[in-house]
Amino acid sequence: MARTALVTGGSRGIGAAISEALKAQGCTVAATYAGNDEAAAKFTEETGIKTYKWNVGSYEESAAGIAKVEEELGPIDIVVANAGITRDAPFHKMTPQQWQEVIDTNLTGVFNTVHPVWPGMRERKFGRVIVISSINGQKGQFAQVNYAATKAGDLGIVKSLAQEGARAGITANAVCPGYIATEMVMAVPEKVRESIISQIPAGRLGEPEEIARCVAFLASDDSGFINGSTISANGAQFFV
Ligand code: CAA
């Protein structure tokens with residue numbers, strides 16, 4: 001069945017790979033982005049996937065943006081809360097602003113993205129909620145008290161939503177990527193990155209498509225009994 005999917009942060013990095021994988025699976029996809037107009041235009045040109053600009057940290061912007069997507073593409077069946085940022089600093093140097101920016105985007109952004117689509121999913125008795133968490137939400141990470149808090153929070157969100165949505169045909173699951181070859185990981189100082197790669201038994205960074213395939217499976221009609229789960233894709237770096 002043709003489904004409509006919303007992917008936040010869906011025009012770059014892991015999000016772009018997810019948008020493309022869902023399109024390849026037959027979905028009509030809307031990809032959101034926060035600021036990089038040029039990258040979004042290029043993404044639409046290359047893939048034919050429509051992009052929409054809003055700040056996931058704002059409930060008003062999210063609700064208005066989602067209403068526009070639903071008006072143009074139809075009711076959203078699949079929502080992938082992927083948008084995320086880092087503001088890394090050792091805790092003694094972390095500013096309240098660095099804390100708040102990450103909480104607003106990565107954690108409140110999940111609420112703002114899922115809450116407006118939830119009533120429609122309940123009414124239609126079908127929904128797929130997939131939240132992109134992180135290995136660092138599972139194990140913690142030096143200089144990421146803010147980020148790890150949000151990514152651990154994602155796991156609490158999906159476990160709770162799973163219980164609320166199960167009877168209405170809605171599943172909620174998380175994917176925890178390890179270190180993936182994206183701009184976010186490339187922004188880590190080279191020496192630190194090399195030391196991280198040396199801790200990955202697979203001996204390499206993951207590819208965005210390796211995460212996208214996990215999401216595509218969770219988004220499919222076939223995955224209905226998988227609910228409240230976490231798929232870890234990290235090259236054996238960490239086991240829960
Ligand atoms: N473990 C233990 N100690 C560490 C460390 C680590 N992982 N990383 C740094 N340190 C140490 C340094 O060696 C240094 O020690 P000394 O003072 O004894 O020399 C100290 O901690 C850091 O001191 P600095 O004052 O130099 O730190 P800084 O204020 O310049 O911050 C940093 C540097 C932000 C921590 C930088 O090293 C960094 O970005 N680290 C990477 C953090 C990281 O892994 N982020 C993940 C990003 S990818 C992602 O988030 C995607 C995902 O989901 C996986």
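Predicted model: local features only at pLDDT ≥ 70, side-chain atom pairs only at ≥ 80, totals over all residues.
The ligand comes first. In the model, 19 residues surround the ligand, and D88, K93, S134, Q144 and Y147 are the closest of them. By class, that shell splits into eleven nonpolar, six polar and two charged residues. A side-chain N or O atom of D88 sits 2.8 Å from a nitrogen atom of the ligand. On the S134 side, the distance from a side-chain N or O atom to a ligand oxygen is 2.7 Å, and for Q141 the corresponding distance to an oxygen atom of the ligand is 3.2 Å. Taken alone, the ligand would expose 1,100 Å², and the protein buries 56% of that. As for secondary structure, α8 (183-186) and α9 (190-198) are the elements that give two or more residues to the shell.

Next up is S133, which is found in the loop between β5 (127-132) and α6 (135-139). Is S133 buried or exposed? With a relative accessible area of 2%, S133 falls under the 20% cut-off and therefore counts as buried. Leaving aside residues up to four places away in sequence, S133 touches K151, D154, L155, A174, V175, C176 and P177. With K151 there is also a polar pairing: a polar side-chain atom of S133 lies 2.8 Å from the backbone oxygen of K151. G26, by contrast, is 107 residues from S133 in sequence and 25 Å from it in space, C-alpha to C-alpha.

G26 itself follows α1 and has a positive phi, near 100 degrees. As for α1 (residues 13-24), its twelve residues should span 16 Å at 1.5 Å a residue, and its end C-alpha atoms are 17 Å apart, so the two values agree. The buried residues of this helix are I14, G15, A16, A17, I18, S19, A21 and L22.

Most residues other than glycine have a negative phi. A143, though not a glycine, has a positive phi of about 75 degrees. This alanine is found in the loop between α6 and α7 (145-165), and its relative accessibility of 18% means it counts as buried. A236 is another non-glycine residue with a positive phi, near 70 degrees. A236 is found in the segment after β7 (230-233) and, at 35% relative accessible area, is partly exposed.

Note on methods:
Residues numbered from 1 in each chain as written. Heavy atoms only, no water. Near = heavy atom within 4 Å. Polar contact = N/O pair within 3.5 Å; in protein donor to acceptor, adjacent residues only side chain to side chain. Areas by Shrake-Rupley, 256 points an atom, 1.4 Å probe, with all protein chains shown as cover. Helix = DSSP H or I, 4+ residues; strand = E, 2+ residues; numbered from the N terminus. Nonpolar A, V, L, I, M, F, W, Y, C, P; charged D, E, K, R; others polar. Buried < 20%, exposed > 50% of the residue type's maximum accessible area, 1.4 Å probe, protein only. Contact = heavy atoms within 4.5 Å. Expected span 1.5 Å × (residues − 1).
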